[in-house]
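I opened this notebook to record what I looked up in one protein structure. The entries are kept in the order in which I took up each topic.

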Amino acid sequence: MSPFAPTFEQLPASIPVFPLTGVLVLPRARLPLNVFEPRYLAMVQDSLAGDRLIGMIQPVEPGTETDSSIDPPLAGVGCCGRLTAFAETDDGRYLITLSGLCRFRIREEVSTMRGYRRVMADWSPFPGDFVAPADGGFDRAGLMAALKPYFTRRSLTVNWQALETASDEQLVATIAMLCPFPPAEKQALLEAPDFIGRASMLLALVQMAVHESADGDAARH
């Protein structure tokens, strides 16, 4: 863990949240973000001036986060990240990187003065997020074998060398965050009780997607 990051006991009572459909950050994984909406520019500014913690969470109704006139209901569980890289663009955007720390449950939402949303966070179910899992214990070879047809059928380009040399946790987190799974499946991956549960679920989702696309190809011929 970075010497700049809080320990589990130091996690704050409340955090700002960034609602985005289909977007995950997982503990010890990195998420690049392009921030341009005024209220989230304000959130980044306030975060930089404070503890640099931002919670990523999905809206319950996909796509509603783009309507600033309403605050869509949020999923019950998100993951907090620490803002570890930051750049400004000439056209008024922020390019940031969040490094995943710990998942949280929402206790309640609290009002803010700057337009973005803030919640009281319950960290107590997730102390294990601060412990990196050991390699082994899931079918890595099966996942790698399923990923090749999965990415090919979706015309997605990946750095295979980076995936092959990644730790088990890095591999699973990268695939869970990168793959265009439906929002409900992304949420299920986030809420998996532990690393082995997440890895097993990810393998099942990839294999299922490969079989479905193969069945679709067969039906068209």
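**Entry 1. Ground rules.** I note that this is a predicted model, in which local features need pLDDT of at least 70 and side-chain atom pairs count only at pLDDT 80 or more, while totals for chains, interfaces and linings use all residues. Residues are numbered from 1 along each chain as its sequence is written, and side-chain values use heavy atoms, with hydrogens and water left out.

**Entry 2. Domains.** I looked up the domain assignment, which gives domain 1 (8-128) and domain 2 (140-219); such bounds come from an automatic or database assignment. The centres of the two domains, taken over C-alpha atoms, are separated by 24 Å. I then turned to contacts, meaning heavy atoms within 4.5 Å: 17 residues of domain 1 are in contact with 13 residues of domain 2. The size of an interface is often given as the accessible area lost when the parts come together. Here domain 1 and domain 2 bury about 1,300 Å² between them, 63% of it on carbon and sulfur atoms (accessible area with a 1.4 Å probe, lost when the two parts are put together and summed over both). On the side of domain 1, Leu24, Leu26 and Arg103 lose the most area to domain 2, together 46% of what that side buries.

**Entry 3. Second largest pocket.** I recorded first how such spaces are found: on a 1 Å grid over the protein atoms alone, a cavity is a set of points where a 1.4 Å probe fits but cannot get out, and a pocket is an open set with protein on both sides within 12 Å along at least five of seven lines; lining residues have an atom within 4 Å of a point. Grid points are joined across faces, edges and corners, and a volume is the space filled by probe spheres set on the points. The second largest pocket holds about 170 Å³ of space. Of its 16 lining residues, Arg103, Gly128, Asp129, Asp194 and Phe195 are the closest to its centre. Where does the second largest pocket lie? Domain 1 and domain 2 both give residues to its lining, so it lies between them. I count nine nonpolar, one polar and six charged residues in that lining (Ala, Val, Leu, Ile, Met, Phe, Trp, Tyr, Cys and Pro are nonpolar, Asp, Glu, Lys and Arg charged, and the others, Gly among them, polar).

**Entry 4. Cavities.** I found three cavities of 30 Å³ or more. The largest cavity has a volume of about 40 Å³, and its lining residues include Leu26, Ala173 and Phe195. By class, the lining of the largest cavity has five nonpolar, no polar and two charged residues.

**Entry 5. Alanine 173.** I placed alanine 173 in helix 4 (residues 168-178). Is alanine 173 buried or exposed? Alanine 173 counts as buried because its relative accessibility is 6% (buried is under 20%, exposed over 50%, partly exposed in between, with a 1.4 Å probe and protein chains only). Beyond its neighbours within four places in sequence, alanine 173 is in contact with Leu26 and Ala29.

**Entry 6. Threonine 97.** I located threonine 97 in strand 5 (residues 94-110). Threonine 97 counts as buried at 19% relative accessibility.

Conventions. Helices (H or I, at least four residues) and strands (E, at least two) are DSSP runs, numbered from the N terminus.
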